[in-house]
Amino acid sequence: MIDCQAVINDVRTRLSRLVGSSFVAVLLFGSLARCEADDRSDVDLLVLHTGLNKIDRVRRRRAVYLAVSALLHDYPLTIIDMDINEFLNPGIITPLLLNIYWDAVVLLDRTGKLSEFLERVRRRIIESGLKRVKDGRAYYWVLPKPLERVRII
């Protein structure tokens with residue numbers, strides 16, 4: 001196992017130098033956020049932005065990756081990006097997004113509101129009866145009642 005907190009602190013410090021008013025926040029998720037990382041683990045990041053959805057998706061993702069990887073060049077990275085409004089008000093919550101809501105560690109937050117938002121969503125996940133199950137190294141979610149619609153946001 002690696003020293004998760006040391007890596008998280010290092011990544012947070014480096015990301016504090018992320019420039020550009022479009023970059024609103026960066027969340028860590030995955031094995032490092034859960035402190036289950038080992039030497040083969042990557043750093044999973046969700047970059048939240050505003051005003052970039054007008055750019056072609058491929059060009060936008062490349063630009064986001066280049067901006068973040070320039071600061072974290074010595075870490076293996078998985079970077080996904082999302083408009084902050086989609087994150088705060090998603091049409092559909094995918095299992096990946098549900099995992100991010102549950103595991104996220106806020107590394108950068110220029111809104112000052114994401115920690116509170118995540119706490120509220122996590123409370124709603126618990127109240128809704130959703131259960132996360134670990135299966136080996138993977139996780140999946142179980143609905144309180146099969147095919148029942150659950151609202152957490």
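Reader: Which helix and which strand each supply at least two residues of the lining of the largest pocket?

Author: Those are helix 4 (95-103) and strand 6 (138-142). Keep in mind that this is a predicted model.

Reader: What makes a residue part of that lining?

Author: A lining residue has an atom within 4 Å of a point of the pocket. For the largest pocket, 20 residues line the space, and Ile92, Ile93, Val150, Arg151 and Ile152 lie nearest its centre.

Reader: Which element gives the most to the lining of the largest pocket?

Author: Strand 6 does, with 3 residues.

Reader: How much space lies in the largest pocket?

Author: About 530 Å³.

Reader: What classes of residue does its lining have?

Author: There are 14 nonpolar, 3 polar and 3 charged residues in the lining of the largest pocket. Ile and Val count as nonpolar and Arg as charged, so Ile92 and Val150 go with the nonpolar class and Arg151 with the charged one.

Reader: And how much space lies in the second largest pocket?

Author: About 220 Å³. Of the 13 residues lining the second largest pocket, Ser31, Arg34, Arg137, Ala138 and Tyr139 are the closest to its centre.

Reader: Which elements give two or more residues to the lining of the second largest pocket?

Author: Helix 4, strand 5 (131-135) and strand 6 do.

Reader: How many charged residues does the lining of the second largest pocket have?

Author: It has 6 charged residues, along with 4 nonpolar and 3 polar ones. Arg counts as charged, so Arg34 and Arg137 belong to that charged class.

Terms used: Residues are numbered from 1 along each chain as its sequence is written. This is a predicted model: local features need pLDDT of at least 70, side-chain atom pairs count only at pLDDT 80 or more; totals for chains, interfaces and linings use all residues. Side-chain values use heavy atoms; hydrogens and water are left out. On a 1 Å grid over the protein atoms alone, a cavity is a set of points where a 1.4 Å probe fits but cannot get out, and a pocket is an open set with protein on both sides within 12 Å along at least five of seven lines; lining residues have an atom within 4 Å of a point. Grid points are joined across faces, edges and corners, and a volume is the space filled by probe spheres set on the points. Helices (H or I, at least four residues) and strands (E, at least two) are DSSP runs, numbered from the N terminus.
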